[in-house]
Structure formats: C-alpha cells, structure tokens
Amino acid sequence: MGEESDAGGPGDSGDENGTERPSLADQRDVESVYQPAEDSDLLARTARERVDAGDTVLDVGTGSGYVAAMLAEAGARAVGVDVSPLACREAAGNGVPVVRGDLVEPFRTDTFDLVAFNPPYLPTPPEQEWDDWMEHALSGGDDGRRLVDPFLETVERVLAPGGEALMLVSSLTDPEAVRAYASEHGLASEQLASEKHPYEALVVLRFYRK
C-alpha cells in the first residue's frame with residue numbers, strides 16, 4: 001500500500017495533554033515506509049504481464065518502489081509517485097525515478113500506458129488512527145476507500161489512448177462497490193487476479209475508458 005493525500009503531512013504527534021504518542025510504526029514494529037508484501041507482489045506480477053518494453057508506467061503510492069522496479073525490469077519506463085518524503089527517498093535509493101505528489105496530480109494528460117496503485121485499503125475507524133506516514137500507507141478510512149475513490153475520479157486524465165489502470169483492493173474494501181464507483185466515473189473494469197489469505201481476498205482490478 002502506498003501513502004497519498006498530503007493534508008499537511010503526518011509527523012511526530014502528541015496527545016492533547018502534550019505527551020508524545022508512539023508512532024504507528026513503533027507500535028507495530030515496522031518500517032516508516034510500507035515494504036513489499038503479498039499485496040505488492042500480486043499487483044507487480046499482474047502488471048508485469050501487461051506491459052511491453054518501452055511502455056510508460058506510473059506506480060502510484062510507490063512506497064519502497066517495488067512495483068515500479070518490477071515493471072522497469074520488464075522493460076517499461078517506470079516512475080513512482082508518493083506523498084511521503086520518506087517513501088520518495090527510499091524509492092530513489094532503490095533506483096526508481098520518483099516524484100513527490102498526490103495521486104496522479106503532478107503528471108500531464110494522456111501520459112501513461114499503465115498506472116498501478118496499491119492503495120491504503122484497511123478499513124480503520126477514526127478513533128483508531130495515528131497521524132504518521134505508516135498510518136497513511138495503511139489506513140483506508142472507515143470504508144477502506146479513502147484514496148480508492150479519489151484515484152478513480154482522476155486516473156483517466158493521465159491514461160494514454162488505450163491505457164489502463166490496475167488497482168489492488170481487498171475483499172474488506174468491497175471490490176464490487178469499487179467497480180460500481182468507477183463506472184459512475186466513466187471507467188469500465190474487470191477482475192484480473194485474486195488470491196485468498198486468512199482474513200481477506202486480494203483482488204487486482206483493471207480499469208479503462210468505456
């Protein structure tokens with residue numbers, strides 16, 4: 001899952017009494033940048049099967065740059081975008097050209113043959129959220145679609161003629177509702193891949209102009 005939508009930028013946070021709260025990364029004993037996991041791998045493998053050498057591709061919410069790097073290995077001209085400066089630094093260190101920005105906003109119209117997005121999709125009640133970069137990489141808000149919907153509203157603009165967007169969603173995020181929302185915004189869709197895991201099924205959806 002990548003982290004997007006700036007809103008001033010999360011950082012070290014304190015509670016209203018002025019005491020420091022542990023960051024989500026410290027609580028979960030994980031990095032501050034989302035690292036490749038089953039969801040990243042499924043999206044990367046599925047996307048890799050659909051790119052040709054020379055295709056221009058965008059990895060939204062690139063995190064460590066894993067998906068972009070996999071597509072570059074397949075011969076694509078890949079770039080990543082992420083709102084987190086920590087993610088941008090790590091992706092660049094992994095050899096991925098990266099832009100700091102919100103979703104597809106920094107890019108020109110009709111640019112990409114393929115756009116890949118592994119969004120933060122875990123449904124998270126507001127009272128359970130922590131304001132740090134890892135939270136932005138994981139939390140999809142109440143319905144898991146905090147960034148899924150804005151992506152679907154804007155991705156068509158940057159797709160080249162015949163281009164497509166691939167997005168990883170979870171059964172927790174209601175893939176059929178995601179597809180219905182996409183249809184309302186001029187995008188046809190189909191399911192390309194799925195994997196079952198103990199608490200969810202991971203699904204890769206393809207979106208393209210109707």
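A residue is called buried when its relative accessible area is under 20%, exposed when over 50%, and partly exposed in between (1.4 Å probe, protein chains only). With that in hand, Phe-117 is buried, at a relative accessible area of 0%. This is a predicted model, where local features need pLDDT of at least 70, side-chain atom pairs count only at pLDDT 80 or more, and totals for chains, interfaces and linings use all residues. Residues are numbered from 1 along each chain as its sequence is written, and side-chain values use heavy atoms, leaving out hydrogens and water.

**Aromatic pairs**

- Rings of Phe, Tyr and Trp (its six-membered ring) pair if their centres lie within 6.5 Å; planes under 30 degrees apart are stacked, over 60 edge-to-face, and the rest tilted.
- The structure holds two such pairs.
- Phe-107 and Phe-112 form an edge-to-face pair, because their ring centres are 5.3 Å apart and their planes stand at 80 degrees.
- Phe-107 is buried at 13% relative accessibility, and Phe-112 is buried at 2%.
- Phe-117 and Phe-151 form a tilted pair, with centres 4.7 Å apart and planes at 45 degrees.
- Phe-151 is also buried, with a relative accessible area of 0%.

**Nonpolar core**

- A nonpolar core is a set of buried Ala, Val, Leu, Ile, Met, Phe, Trp, Tyr and Cys residues joined through side-chain atoms within 4.5 Å.
- The largest one has 27 residues, of which Val-115, Phe-151 and Leu-152 touch the most other members.
- Another core, of 22 residues, lies apart from it and includes Ala-47, Met-70, Ala-193 and Val-204.
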